[in-house]
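Please open the model in the viewer and keep the sequence panel beside it.

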Amino acid sequence: ADVAYLRSILPSTTEDAFFDYLATLDTSEVTVSAVPEGSVVFARVPFLQVKGPLLVVQLLETTLLCLVNYASLVATNASRFRLLAGPDVKLVEMGLRRAQGPDGALSASKYSYIGGECCPVAPHGTAATPSPMSPSPSLLAGFDYTSNVLAGKLYGIPVRGTIAHSFIMSFTSLEEVQLRVSLPPLAGGEPVDLPALAESWLQRVDTNPLLTHARSGLPNFCAVALALHQLGYQAIGVRLDSGDLAQQSKEVRRVLRACGAHFQVPWFETIPIAVSNDISEQSLEEFSREGSEIDMIGVGTNLVTCPLQPSLGCIYKLVEVNGSPCLKLTEDEEKMTIPGSKTIYRLYDAAGHPFMDLMALEEEPSPSAGQELVVRVLGTLGEARKVVPTTVEPLHRTYFRDGQMCEPLPSLLEVKNHAQASLSLLNPAHRRLHEPQPYPVAVSERLHRLLAELRQASQ
């Protein structure tokens, strides 16, 4: 059907042999190697390399870029929110209504849970390699929950949500609540009329000046939570959705502590407080600066639409054909490709932090820990530099060879854990969001000479 459709839209002069050839295409000669999903990746470092027949790897370009661009972008965005929120606050992805369609919404839920990676450039017969072009590292961590129930079903992501405003607004008094709302005590016994019990608690709550808030739902929450407590249940939490969220959280916590102390209900003091309302990175910075009692944050629009960088510039470029390295020349050095089929190494210092990524030609000997290496750092006018890594890690693994998967793919939770571990290894100077220290990416002396030779030959 696909070939028939192409035949219908291409010129009638297209040879039949071309369509016969398309019908025989497969990936039996394709090899794909990549960094493990969830890894931190830096600008200009190829995170994926595809080898195979030229036409086949060219046809894969759009599919691969579509798969990695938004996923890497939203995962990186999620990691930025996590770094600003800190490790203790729970983060909920709530972007379904603002995402770019249902497919984008599912991707946002999945990859915000993971927390990030980065992008692609192409290499054999043809080799193609993707690599990030943004100067910032892809930062990884992740959200704890999603409000997207379908994402929870499909991917096993923990699901959390809140009651719709419209549901709350549909009631004007307790009289509108059907008396069918009865609840048996956890300890056993006859079901109890919950609205009536809550109303009796509300009368007691209203006698305490600390718990009286005009036009506030907080006294009502306390009354219902105390009624539930009497039956052996524990309230899940409160949500704030407008106004000065940091200040409100402190006021609400004060009331909950007073209520817990007054009625001798200790767990009341630690009832989780959740906030939402167009939360951005700036919002999280304000929460941190002002101090707050916030336990959970719901982020939607500013997570899934990535307003600070709406798209990620992954590229997929030819770097080798039939064993001959290729070079794309451009006046913009950052957009110039690095030729040849390469091996990528991450170099670590004595403290266990990565301090440099090194690209070398595949046929070069692997560098060793403790070995002095002469490298050329990209973007520094090509001066030679000597480094001695304490640990050397090859970044790429081969996942697909001869048309078959050759390494099992990790689960979503394993990817998330790898992302968090990968991010935690970064030096804080590289990891910080404001004015981070540039992370050096270098090429070996041999690769540097090849690059110079190809540039000279093309002039």
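This is a predicted model: local features need pLDDT of at least 70, side-chain atom pairs count only at pLDDT 80 or more; totals for chains, interfaces and linings use all residues.

The stops that follow cover the overall chain, a surface patch, a loop residue and several salt bridges.

**Whole chain.** The chain contains 14 helices and 20 strands. Its radius of gyration is 28 Å, well over the 23 Å that the globule rule gives for 459 residues, so the chain is more spread out than a compact globule. Along the principal axes, the C-alpha atoms fill a box of roughly 90 × 60 × 40 Å. Buried residues account for 45% of the 459 residues. Switching to a surface view shows an accessible area of about 23700 Å², with 54% of it belonging to carbon and sulfur atoms. Colouring by charge brings out 36 positive and 49 negative side chains, and the centres of these two sets lie 3 Å apart.

**Nonpolar patch.** Next, select Tyr-5, Leu-6, Ile-9, Leu-10, Phe-18 and Tyr-21, which together make a nonpolar surface patch of about 550 Å². Helices α1 (2-9) and α2 (16-24) each supply at least two of the patch residues, and the largest share, three residues, comes from α1. Tyr-5 is located in α1; with a relative accessible area of 52%, Tyr-5 is exposed.

**A loop residue.** Move to Phe-143, in the loop between β4 (127-131) and β5 (145-146). Is this side chain buried or exposed? Phe-143 counts as buried, because its relative accessibility is 0%.

**Salt bridges.** The whole structure holds twelve salt bridges. Select Asp-357 and Arg-346, whose closest N and O atoms are 2.8 Å apart. Asp-357 lies in strand β14 (residues 354-361) and Arg-346 in strand β13 (residues 342-348), so the pair ties together parts that are eleven residues apart in sequence. Both partners are buried, Asp-357 at 0% relative accessible area and Arg-346 at 5%.

Then display Arg-446 with Glu-363, a salt bridge of 3.5 Å from N to O. Since Arg-446 belongs to helix α14 (residues 445-457) and Glu-363 to the loop between β14 and β15 (373-377), this pair ties together parts 83 residues apart in sequence. Arg-446 is partly exposed at 36%, while Glu-363 is exposed at 51%. Finally, select Arg-253, Arg-257, Glu-293 and Asp-295, which salt bridges with shared partners join into one network.

How values were computed: Residues are numbered from 1 along each chain as its sequence is written. Side-chain values use heavy atoms; hydrogens and water are left out. Patches are made of residues with over 30% relative accessible area and no salt bridge: like charges are joined within 9 Å, nonpolar side chains (Val, Leu, Ile, Met, Phe, Trp, Tyr) within 5 Å. Accessible areas come from the Shrake-Rupley method with a 1.4 Å probe; for residues, only the protein chains shown count as cover. A salt bridge is a side-chain nitrogen of Lys or Arg within 4 Å of a carboxyl oxygen of Asp or Glu. Helices (H or I, at least four residues) and strands (E, at least two) are DSSP runs, numbered from the N terminus. Buried means under 20% relative accessible area, exposed over 50%, partly exposed in between (1.4 Å probe, protein chains only). The radius of gyration is taken over C-alpha atoms; the globule rule is 2.2 Å times the number of residues to the power 0.38. Lys and Arg count as positive and Asp and Glu as negative; His and the chain ends are not counted. The place of a charge is taken as NZ of Lys, CZ of Arg, CG of Asp or CD of Glu.
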